[in-house]
Amino acid sequence: MPVTDITKDLEARSIVITAEFAAPVERVWQVYADPRQLERVWGPPSHPATVVDHDLAPGGLVHYYMTGPDGEKYYGGWRVLTVDQPNGFTFEDFFAESDFTPTAGLPVSSSEFRFEPLPAGTRAVFTTTYDTAEALQQVLDMGMEEGATQATNQIDALLAEG
């Protein structure tokens with residue numbers, strides 16, 4: 001399992017997931033830069049993702065939906081803020097309606113994904129921050145920690161393919 005640490009801090013309104021992969025930084029970057037690879041790891045196995053729009057550039061948008069076991073669809077998006085290829089990127093992550101407009105009343109997070117070289121691969125540090133502790137607790141209650149852990153662990157299988 002690549003996830004090595006999960007730190008939840010309600011006071012700081014953040015969750016940090018640290019993972020290590022046996023692949024170089026450039027290869028881990030490609031998981032996020034390629035929409036077909038991203039949809040294989042964004043979301044837990046029970047809710048596979050479909051990436052509709054993918055512009056991983058400052059000011060770009062990524063739109064996706066996850067499909068649940070009964071066919072229900074959950075829409076979301078990223079508003080890309082910064083890109084430091086292949087070392088990481090920052091974005092706002094939001095829940096969305098079926099037309100990808102942000103859903104009012106649901107939390108928006110600020111995320112930073114960083115990729116650091118290790119002697120035998122890459123350390124990825126995924127930091128997600130919310131405006132309030134209540135917003136963080138809301139997504140934790142929705143199963144975000146378990147879903148994010150499962151999604152992160154799926155990256156290993158993708159990387160093993162080459």
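**Notebook: pocket, sheet and cores**

I began with the largest pocket, to whose lining β2, β4 (61-67), β5, β6, β7, β8 and α4 (144-160) each supply at least two residues. Helices (H or I, at least four residues) and strands (E, at least two) are DSSP runs, numbered from the N terminus. I note that this is a predicted model, in which local features need pLDDT of at least 70 and side-chain atom pairs count only at pLDDT 80 or more, while totals for chains, interfaces and linings use all residues. Residues are numbered from 1 along each chain as its sequence is written, and side-chain values use heavy atoms, with hydrogens and water left out.

**Entry 1, the pocket.** I recorded 38 lining residues for the largest pocket, with Y64, M66, D93, F95 and M144 nearest its centre. A pocket here is an open set of points on a 1 Å grid over the protein atoms alone, where a 1.4 Å probe fits, with protein on both sides within 12 Å along at least five of seven lines; lining residues have an atom within 4 Å of a point. Helix α4 gives the largest share of the lining, 6 residues. The space in this pocket is about 910 Å³, a volume being the space filled by probe spheres set on grid points joined across faces, edges and corners.

**Entry 2, the sheet.** I traced an open sheet of 8 strands with antiparallel pairing, in the order β1-β2-β8-β7-β6-β5-β4-β3. Two strands pair if DSSP finds at least two bridges between them. At the edges I found β1 (3-9) and β3 (49-54), each pairing on one side only. I then looked up β5 (residues 73-84) and β6 (residues 88-96), which pair over 9 bridges; T82 has T90 in β6 as its bridge partner.

I located T18 in strand β2. Is T18 buried or exposed? T18 counts as buried because its relative accessibility is 14%, the limit for buried being under 20% relative accessible area (1.4 Å probe, protein chains only). Beyond its neighbours within four places in sequence, T18 is in contact (heavy atoms within 4.5 Å) with P2, V3, T4, D5, R123, A124 and V125.

I listed 30 residues in the largest nonpolar core, where Y32, W42, W78, F89, F113, F115 and F126 touch the most other members. Such a core is a set of buried Ala, Val, Leu, Ile, Met, Phe, Trp, Tyr and Cys residues joined through side-chain atoms within 4.5 Å. Helix α1 provides the largest share of this core, 5 residues. Apart from this core I noted another, of 6 residues, including I15, Y130, L136 and V139.

Notes: Buried means under 20% relative accessible area, exposed over 50%, partly exposed in between (1.4 Å probe, protein chains only).
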